[in-house]
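Subject: Structure for you to look at

Dear colleague,

I am passing on the structure we spoke about, and below it you will find an account of what turned up when I went through it. Please read the account with the structure open beside you.

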Amino acid sequence: MRERLKKFLGSMFYQKRVPSSLVFFGKEGIGKRALAFEFATALLCLEDKYPPCGKCESCKHMEDFTKKTQEELSYYGEDRKGKSVFLYLRGNHPDFVYLLPEKAEIKIDQIRGVKDFVYLNPALSKRKVVFVERAESMNPYAQNALLKVLEEPPQDTHFLMVTGNPQKILPTVRSRSFLLEVPPLTQEELRETMGIEDPLILELSEGSLQMAKSLREDKELLNTLKVLMEGHVLTLYRKALEVEKWEQDRQYLLLKLLQSFLHRRYVEGRDYKVKEALDRVSVGLEYLSRGIKPALLLFLLRGGGKDVLHKGKVSGQQQDISG
Ligand SMILES: [Zn+2]
């Protein structure tokens, strides 16, 4: 699936029909940003290649960009009152700026800074690129300012926006952009990209590189999930009490994984017991930050004689779950 999207980008690139504004959207953690960054690198590549050549001066600057810290790349300007404000990230490439929220929002001053950049001529490459990470975090003022730029798109400048939530981008901005849905990775693609063989990790990750990485690194999280799915009462009891002591982020991740797992099971069988458990987990997720006890929730999931989590033999390598 990913290959098809790259092919499409490639044909757009070589037919010289790349729109001035592109929105890459899709689920969290599936590699949207990497894909868009690679495309940005290609647009700037002095050899005019997609995927980019990786060797020219422009490609070198782009590679260099990925290696620097945010602090090293932060670029400041002045707001209307002359106060110093964060604008964007900028490395050694003169034709590339990388916009991202400062704290929670991308603000209008940042778009003003971008405006100053886009009306300059490219200095190294044939084009310029404005990369916008978490584009949904542009506040309405920023979006309206951006709209003005998109209404008269400067020659040879491309806006590449990345978002997990395209609905938060104003319809006026969306309609001036080309929307590109990035599909989650297939299990096969995940296996190839990350070299993961455990079928349970591949299944639970649902095409998310980020999730696959968390599951690979956090053996205890994965183990806990296996225990919950295998449903041995005593180990479940002990594990649930352990989960109680976890950091909230990790508890959240566990419930999130259970939620997707139950959701898939419900879609397969339309079993009302599964639906009930799914609702409980969803409520649990909502109330986690307000102090609901995850252990209690996990016990409830076993509810009655029929264990809704149990799905027979758990896939993946068998681990010693009692240890
Ligand atoms: Zn190049």
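The C-alpha centres of domain 1 and domain 2 lie 38 Å apart in this model, which is a predicted one. According to the domain assignment of the protein, domain 1 covers 2-183 and domain 2 covers 218-301.

A pair of positions shows a separation of another kind: Leu-160 and Lys-273 are 113 residues apart in sequence, and their C-alpha atoms are 44 Å apart in space. Leu-160 belongs to strand S6, which runs over residues 157-163, and it counts as buried because 25 other C-beta atoms lie within 10 Å, where 20 or more are required. Leaving aside residues up to four places away in sequence, Leu-160 touches Leu-22, Phe-24, Ala-36, Phe-39, Ala-40, Val-129, Phe-131 and Val-132.

Then there is a pair of helices, H13 (residues 248-269) and H14 (residues 272-287), whose axes come within 9 Å and cross at roughly 155 degrees. Because that angle is over 145, H13 is roughly antiparallel to H14, and the crossing of the two is left-handed. By class, the contact of H13 with H14 has 10 nonpolar, five polar and three charged residues. Among the residues that meet there are Tyr-252, Leu-255, Leu-262 and Tyr-266 from H13, and Val-274, Leu-278, Val-281 and Leu-285 from H14.

How values were computed
Residues numbered from 1 in each chain as written. Predicted model: local features only at pLDDT ≥ 70, side-chain atom pairs only at ≥ 80, totals over all residues. Helix = DSSP H or I, 4+ residues; strand = E, 2+ residues; numbered from the N terminus. Buried ≥ 20, exposed ≤ 12 C-beta atoms within 10 Å, placed from the backbone. Contact = placed C-beta atoms within 7 Å. Axes fitted to C-alpha atoms, helices over the stretch in contact; angles between N-to-C directions. Parallel < 35°, antiparallel > 145°, perpendicular 65-115°, else oblique. Left-handed = near helix turned anticlockwise from the far one by under 90°. Nonpolar A, V, L, I, M, F, W, Y, C, P; charged D, E, K, R; others polar. Domains from an automatic or database assignment.
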